[in-house]
Structures are given as C-alpha cells and as structure tokens.
Amino acid sequence: MRHRLLVPGAAALSLLLAIPASAADFTPGAPGVGDTYYPESGNGGYDVSHYDLRLKYQPKTDLLEGTATLLAKTTQDLSRFNLDFGLKVSEIRINGKKASFARSGKHELEVTPAAPLEKGKQISVVVRYAGKPSELKIDGYSAWARTPDGGVVAQEPDAAVWWFPSNDHPTDKATYDISVAVPDGTQALSNGVLASQSSKLGWTRYNWRSDKPQATYLTTLAVGKFDLTTDKTANGLPVINAISKDLGANEGSAKASIERTTEITEWLESVFGAYPFNAVGGYVPNVPAGYALETQTRPFYGKKAFDRGTNVSVVVHELAHQWYGDSVSLKDWKDIWINEGFAAYSQWLWSEKEGEGTAQELADYVYAQHPSDDPFWKVKPGNPGAENQFDDAVYDRGALALQALRNKVGDKVFFGLLKSWPTENRYGNASVADFVKFAEKKSGKQLAGFFDTWLFQPSKPALGAAKQAFGAHQAPVAEPKSWKQIAATHEVHGH
C-alpha cells in the first residue's frame, strides 16, 4: 500500500520540480553579439528575417513617427531580448500581445514579452515610436543629418538606432519594406525598388522594397527634393539615381559622376559576376558631409566628394561594395579588409581599364611612396583596430595585398577568385580567415604566410617579399594618371 502511494507522489513531485527548472531555462538574450570592435552592437537570442517600416516624416520639424514590424526567429529560450534603438517608444507588442520595455546602456531597449519565448519559434515584434532623430546624440553625434529640405541617414558602422529598432550588426541581415509618408512635393528615397507611390491629404507615401538580405547599416533613408533619373543595365536591372536640387556648384560634377552608374555596374559584372540585388543607383543629398557609403543598391555620396570636380573613381568604389561588403558582409568589424581592400582594388582595375595606370603601376607607386618607417605600415589591414578602421592603409595596403596575390597566383586564378568569392558566399558573412582558406583552396597554394606578411605584420614587406609583386624599384616611381582621383576618394572614406 505504501509503495503504491509513493509512485504517484513521486511523479507529482517530479512534475512540480519540472516547472521551475523549465522556467529557469528561459534567459535574457545577450545585449551584444560580442563584436571585437563594437561589443554592444547587435543582440543575442533571435535572428530577424524581415523589417517592415511604416514611417511619417515632417522636414520642417524633423519629427519622425514610425511603426516597425520585425519578423524574427528565436535562437534560444528567451525571457527577454534587446533591440538597438534610441528614439522614444510608446508601445511594443510581441505576437500581438503587449510587452514591457526599459532602457539601458547607450542604445539598448530591453523588451520583456508577456510570456517567455521558446527557442525556434517565429515571432513578430511591433514597435511604435516617435522623435527627432537629429536631436538624438549617441557618443556625442547623430547619424541623422538635416538638410534644407529634409533629412538623410547614412553612416557606418551604426545608423539604424537613429530611425528604426533593430538587431544592429551585419551578421543579422534581413529583407526590407520601407514605407515613408512625406509632404507633397517632397520625395523619400530608400533601398531597392519603388514598389508604389500614392498621395492623400497633402502627403505622398513612397513604398520601397529591398528583397535580398541587407545589413542594418546599409539601410538608408533620404527625404528632400531631388532630380531623379532612371535607366536599365544591359541585363534589365533598374537604375535609380537622385541628385539634390540645391547642390550649387557641385551639381554638375556630382551628376556627371553618378550618371556613370549603369556603365560601371555593367563593367563590374564582368569582373565580379552577376549583380546580386534588385536595383542599383546612387544619390547625392545636400549635406555638408564629404564621405560616401555603400548603402545597399543605392550608395550615398556627400556633396563634398565632388568639390574637386567629377569623381568617377569613388562611384566605382561604392558600387564594388555591392559585391564586397553588401552581398558578402563581414562577420566582425575587424574583418573590414574583405570590404575595403577589394573596393579599393576595383578602383585600380578601373584605372587599368581606362588606360590611366595599370594595377601594377599603382602598386609600384604606393609601395615606393611609403618608406619603411612610415606609420602607413604600422596599420594592419587584416585587423587595423577600431581607431584605424578607415585608415588609408586599409585601402591602399589592402589593395597592395591583392595585387601581390594576383602576381603570386596568376591572372586566371586571381580573377576566378574575384568572381567565385561573391558568387559562392552570396548574401552571407565572412572573415579575413575565410578568404585566406578560400584562396588556398582555389589556388592550390599555401597562402597563410603570404597573407600574414601583407595584412597582419606592422611593417613594410621586405624587398625580397615584394620583389615578385612590385619589382623592388630603387628609382622614383612615376605617379599614375589616375592616382590623384583615387587618392581623393580616401578623404570620403572616414565615416
């Protein structure tokens, strides 16, 4: 009798014990992905697959009102999770139910659902918010720039926190629908293609769609008055370019540069393979910024990028990023070379195509230009440090490494690499180490030591190491015709 009573009692006790044990398995998602340079960027516990942003922006007051819907999948049993966002939030719902939320850190929004979320479940997160993004300062600055007729957001490595809640790190890409209402007579530009446009009661709504995986910092919004031109590449790809109507003396040079987008895209396809997205183009708003940024499908160019006249080279650079940096994105911000080294080298290849200096002549010139005690050689392109992430060496020494690789493996293998890397890793993330392994596999050569010399040693490669690549010139090396324009783009790389 005692035995029969003990059995159900033990089962009941086991059930009771299972409840708190199960609840204990639900833990908060990490407040960052652990990036080497920016540990607070991104969040743990979920992956976003799609952002639906429905916005309204009044240029006169800089008031941005928004409802963001995030579709995501949990990657752990979550008691709560973080979003990266800075504007004032009025309500959050998860799977239709109200959630509580609190602020922490510089830009963390801690969200607690009404009930814990099980691992592997699809969830929807709706965030209602409003604020003036240009007044939001994080580390003393705002990525949102006001213009005489609107506002623009385009910044690296962080931009999203000023205008939409997100998992703000390149390792969590998603597709986007961005719908923006602005006063009639004003335009709203974003990524991808314009799916529809409508006007009602003095407001015009623009609905943009970017249907391939896209990193948060590559998502852009520009509100203002633009001259728009449209075109198609030979393969039928929509080309949408936009130039602010009030660029002043820079208008002609900006337009002359951006209007080369179709031609440059077609040429880049011959070098890197099929273009990976649903549209291409560029825009130049009236902001005093001098930098450019490879915002996906529609690069941003600050008007000061054209202070010296046309700059086709910077257009080549930002469009090359659509393959190297946008389609294949870095895993960690220390891997910046797989973005910038290749985009810089594309400028060298364009120079070679245009007959303004071969890539070899540019490599010879850069190598000879910097003596061994130049701080240029102290910066390691393979891991430059956050403070040197956009240093000239990341671009020039990064491109030097690629010319050295070209000489080591031969043109056939090298140009095969340039196409196969973005093709085989399309829409993914990769590291410098991944590229080294990829190059070894494709070339059949041991290249770890080679890449260590060119990307990771804080010193100028010795004459012996450089001889095969650059001829170890003793006499002064002539400056290639294209160099001044290529060098001018360095000033627009500081984000």
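Modeller: One definition comes before we start. Two strands pair if DSSP finds at least two bridges between them. Keep in mind that this is a predicted model.

Biologist: How many bridges join strand 5 to strand 9?

Modeller: Strand 5 covers residues 88–94, and strand 9 covers residues 122–131. The two run antiparallel. In this pairing, I94 stands opposite V125 in strand 9. The number of bridges joining strand 5 to strand 9 is six.

Biologist: Which residue in the turn between strand 5 and strand 6 has a positive phi?

Modeller: Strand 6 spans residues 97–98 and runs antiparallel to strand 5, with two bridges joining them. R93 stands opposite K98 in strand 6. The two strands form a hairpin with two residues between them. In that turn, a positive phi of about 50° belongs to N95.

Biologist: Which word describes how helix 4 and helix 5 lie to each other, oblique or parallel?

Modeller: Helix 4 is residues 312–320, and helix 5 is residues 337–354. They pack at an angle of about 135°, with their axes 8 Å apart. Angles over 145 degrees count as roughly antiparallel, and 65 to 115 as roughly perpendicular. The helices are therefore oblique.

Biologist: How many nonpolar residues are in the contact of helix 4 with helix 5?

Modeller: Helix 4 brings residues including V312, V316 and A320. Helix 5 meets them with residues including A343, A344 and W350. By class, the contact has four polar residues and one charged residue, and the nonpolar residues number seven.

Definitions and conventions. Residues are numbered from 1 along each chain as its sequence is written. This is a predicted model: local features need pLDDT of at least 70, side-chain atom pairs count only at pLDDT 80 or more; totals for chains, interfaces and linings use all residues. Side-chain values use heavy atoms; hydrogens and water are left out. Axes are lines fitted to C-alpha atoms, for helices over the stretch in contact, and angles run from 0 to 180 degrees between N-to-C directions. Helices (H or I, at least four residues) and strands (E, at least two) are DSSP runs, numbered from the N terminus. Angles under 35 degrees count as roughly parallel, over 145 as roughly antiparallel, 65 to 115 as roughly perpendicular and the rest as oblique. Contact means heavy atoms within 4.5 Å. Ala, Val, Leu, Ile, Met, Phe, Trp, Tyr, Cys and Pro count as nonpolar, Asp, Glu, Lys and Arg as charged, and the others, Gly among them, as polar.
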